Amino acid sequence: MAERDGFDRYGGDLRTQLAATGFFRTEKSDSGWRLVTPEGHPFFIVGIAHVDDSALKYAESIDVYRERYGSRSSWISDCVVASLRGWGFNALAWTKQWVSPQMRHSPEWTPDEYRGSGFPYIPHIDFLSFERWNQQAVYKDVFGTDFEDWCDYQARYWCAPLADDPNLVGYAYTARPHWDIARFREVTPSLEGLDDHEALRRVVRRYYQVTHDAIRRYDPDHLIFGDLVEGADTLPTGPSEPPPVVFTEMGEYVDVLSVNWYHPFDIMRESLDAWQRLCDKPVFLSDSAFVAPNDLLTRDDPLFEGGWEKLRVQDEKERGEAYVEMVEKAYASGYVVGWGWCSFMQNKVRKYGLKSRFDEPYECTEIMQDFNSHLYANLDAAVSKRSHRTEGAAR
Amino acid sequence: MTEFSAYGGDAGRRFPATGFFRVEQSAGRWFLVDPDGAAFVSIGMNHVDESNLKFPHNAAIWRDRYGDRDTWIRRGVVHDLRSWGFNTVGWTQEYISGGWGTALDWFGDPIDLGHSTAPWGAADFRTANMPYVLQLRVQEIEDWNGYPSFKDVYSDDFDVYCDYLARSICFDHADDPNLIGYFLVDIPAWLPHAAGDDFPQLKGLHGDARNQKLYDVASRYYETITRHIRRYDPNHLVLGDRYNGNKGIPEAVLRAMQPHVDVFSVQYFTEPTEASRQGMREDLARWHEITGKPVINADLGNWAPTELNPHRVSGLENQAERGEDYVAAIGAIVDEPWLVGWHWCGYVENVGGRGWGVKDPWDEPYDDLVSRMRDFNVAVHERGREQADG
């Protein structure tokens, strides 16, 4: 990665030197949690989630793909990585994209594609597809040997080829898992006779233990970001916040608490405070965005229903400003270590991204680029501005 | 001796060349024709997945011999396949977890066989530079899938998803002469699935009522996916579903497939008996009659107990007997005028999943097996020529 002024090759903050281990790691100090790059510099993830090339292969956009890129490898380097670097983003925060009305997703990039990008990344491992949004959600007996064999395969597939790659930030799992103990009971004979709380506690513990052990069999060094835990009230299906036992049981087996919650930071803050205390981990906001109307998305699109209206902004300028405000507030929490912005390129199903489906960036990226180009100085300034305000209020 | 074309076809038997694989019927016999116009029999190897070489027991072999995927494809896969007389990279995903107890009964208790996540991509096939097939997972309703999901083929979601599959997969391969064509779903449950689920329109229907509606559902399914494939790739064959021949195929589905698909593809495993092999020949001939399509046996294999997989018991005691069985099983159909290829099940033996292959868990070929395969495979064109000349 070409170094920019003030940044190390991973996008870390050159002003501070900490211990370098050759891999991304977490660190807790008096001032809170932070990530540290392989070279030992503080790192705040400003990443992008959902990066899929089929967005640029519609009949109306196929010529753009052919003329500008022509192959997937060229699209990865000249479209994705070049754009992200240009805008000052510093990580790929999973790549599956929403591609059909019933929320089916494209496949995750392969390990070779992630590695070949030469850019920091957080891939997703499909240990168990029990997402709340997934109409094909599957629950399995996590105590069975089939589940162990499956997890071992996933770790062989992901971790064996990536174990020595410094650009790998860490491994994440399922996006918005639904810890439905009734569904687990249907497939798990050994839960018979246990009350729901104890049954769920055992399932959660076993799930995180088997997945953790599979990863560690092939990769002792990289961070584990775990599931992208679902925040409260994000879906029309109703309250979805996981019970506290999920946080207490996962703590031993993950390094970062990833949270997938489509709300402005002030609404999430109270829950995030509580959750990160329960598992004693830093928090990664793994997937959310602010959305402005565009050629595929009117103000009253059904997308904005069910809590998502809180993400709606008027225009691209507000969108960029909302990004800055969210990053500043998240950083100032002292425990949030990054954010994955939802969607690289618009497609006809998700309808929003940082680029249109004709490969043209939206104007919000100019504001993001301005902010990201002095990311760490801007973050420090925001904290200091905030603490002045707090002192002022105290007086 | 046969002189081979660049694609591994019979250079001595020529048809008009179109630049892509196609099928042709000539003098009462079906042929695959390679892009240069040579007669071609697709002899494929399935389930070629590198994760089988990354277990703790063989990771060092992977690092020493290959170290990266490109090297493994060139020096491992392509080298092996060519030297054993195989000319096609078959379906690459591998069975990596789950078991079926002592016997496999497609109508009994549901099984759940986990399959590897990612098939090979366009760049991998460019590296291999040999004929290959692709698969579009139109519906997740395989008979090995313990948690099938039957999607409504009349829904907007199905149409959008088929367009996504074609856009994302066919686009990158549309110009590639090495691509033979597109399979759809592996052993789809067109007969009721052991897990009890079914297409929404078919639930509660039985007998003639189900078959009648099944024809409509299957027609919509084939029409939709092939329309989207053709939109992004007008050049290649549609090889269709890989039907579960051992379970059976409803005639309504075969009639529905007929206007949309170019090849009748079927998974059909045999027992190591002459009766079972003849049963396969008769079943395939019957389905060929109904569809009027050339036939590929898209997945067949055999197994014997090994050091790391002593539970893989069959009527075959060892690798030499597997070699005999390969020759006898394929020998039962190879001279049929409708057969245009077969894809063999299993490259490197894994543990925890399939548990058999033509190479052992340490990446060494089972010589007693592959020597018989090689002799049989390289003679196949001569055999076809003699038959035509005779």
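Here are some notes on a predicted model, taken one feature at a time.

1. As background, strands of a sheet pair through backbone hydrogen bonds, and they can do so parallel or antiparallel.

2. **Strand E9 of chain A.** Have a look at E9(A), residues 283-288: six of the six residues are buried, so the strand is largely enclosed by the rest of the structure. On one hand, E9(A) is joined to strand E8 (residues 257-260) of chain A by three parallel bridges, with A:Val259 standing opposite A:Leu285. To get from E8(A) to E9(A), the chain passes through helix H8 (residues 265-279) of chain A, a β-α-β crossover that is right-handed.

3. **On to E10 of chain A.** E9(A) also pairs with strand E10 (residues 336-342) of chain A, in the parallel sense and over four bridges. Here A:Phe284 is the residue opposite A:Gly338.

4. Strand E7 (residues 223-230) of chain A pairs with E8(A) over two bridges in the parallel sense. A:Glu230 has A:Asn260 in E8(A) as its bridge partner.

5. **A four-stranded sheet in chain B.** Over in chain B there is an open sheet of four strands with antiparallel pairing, in the order E1-E4-E3-E2. Strand E1 (10-14) and strand E2 (22-26) of chain B are the edge strands, each pairing on one side only. From one strand to the next, the twist averages 55°. E2(B) runs antiparallel to strand E3 (residues 29-33) of chain B, and five bridges join them; B:Gln25 stands opposite B:Trp30 in E3(B).

6. Most residues other than glycine have a negative phi. Which way does B:Ala27 go, positive or negative? B:Ala27 has a positive phi of about 50°, although it is not a glycine. B:Ala27 lies in the loop between E2 and E3 of chain B and is exposed, with a relative accessible area of 85%. B:Asn129 also deserves a look: its phi is near 50°, a positive value in a residue other than glycine. You'll find B:Asn129 in the loop between helix H3 (122-128) and E9 of chain B.

7. **Strand E5 of chain B.** This strand (residues 42-46) is mostly covered, with five of its five residues buried. In a regular strand the side chains alternate between the two faces of the sheet. In E5(B), B:Ser42, B:Gly44 and B:Asn46 point one way and B:Ile43 and B:Met45 the other way, and all are buried. E5(B) pairs in the parallel sense with strand E14 (residues 339-345) of chain B over five bridges, where B:Ser42 stands opposite B:Gly341. E5(B) is also joined by two parallel bridges to strand E6 (residues 88-89) of chain B, and there B:Met45 has B:Val89 as its bridge partner.

8. **B:Tyr147, touching both chains.** B:Tyr147 is in the loop between strand E9 (132-135) and H4 of chain B. Its relative accessibility is 30%, so B:Tyr147 counts as partly exposed. Beyond its neighbours within four places in sequence, B:Tyr147 is in contact with A:Val138, A:Tyr139, A:Lys140, A:Val187 and B:Asp112. The C-alpha atoms of B:Tyr147 and B:Asp197 are separated by 8.8 Å, with the two residues 50 apart along the chain.

9. **A helix pair in chain B.** Finally, the axes of helix H4 (residues 156-170) and helix H5 (residues 207-232) of chain B come within 8 Å and cross at roughly 35°. The crossing is right-handed. Residues making the contact include B:Phe158, B:Cys162 and B:Ala166 of H4(B) and B:Tyr221, B:Ile225 and B:His228 of H5(B). By type, the residues of this contact divide into eight nonpolar, two polar and five charged.

Technical notes:
Residues numbered from 1 in each chain as written. Chains lettered and ligands numbered in written order. Predicted model: local features only at pLDDT ≥ 70, side-chain atom pairs only at ≥ 80, totals over all residues. Heavy atoms only, no water. Axes fitted to C-alpha atoms, helices over the stretch in contact; angles between N-to-C directions. Left-handed = near helix turned anticlockwise from the far one by under 90°. Contact = heavy atoms within 4.5 Å. Nonpolar A, V, L, I, M, F, W, Y, C, P; charged D, E, K, R; others polar. Buried < 20%, exposed > 50% of the residue type's maximum accessible area, 1.4 Å probe, protein only. Pairing = 2+ DSSP bridges. Right-handed = clockwise from strand over helix to strand, strands pointing away.
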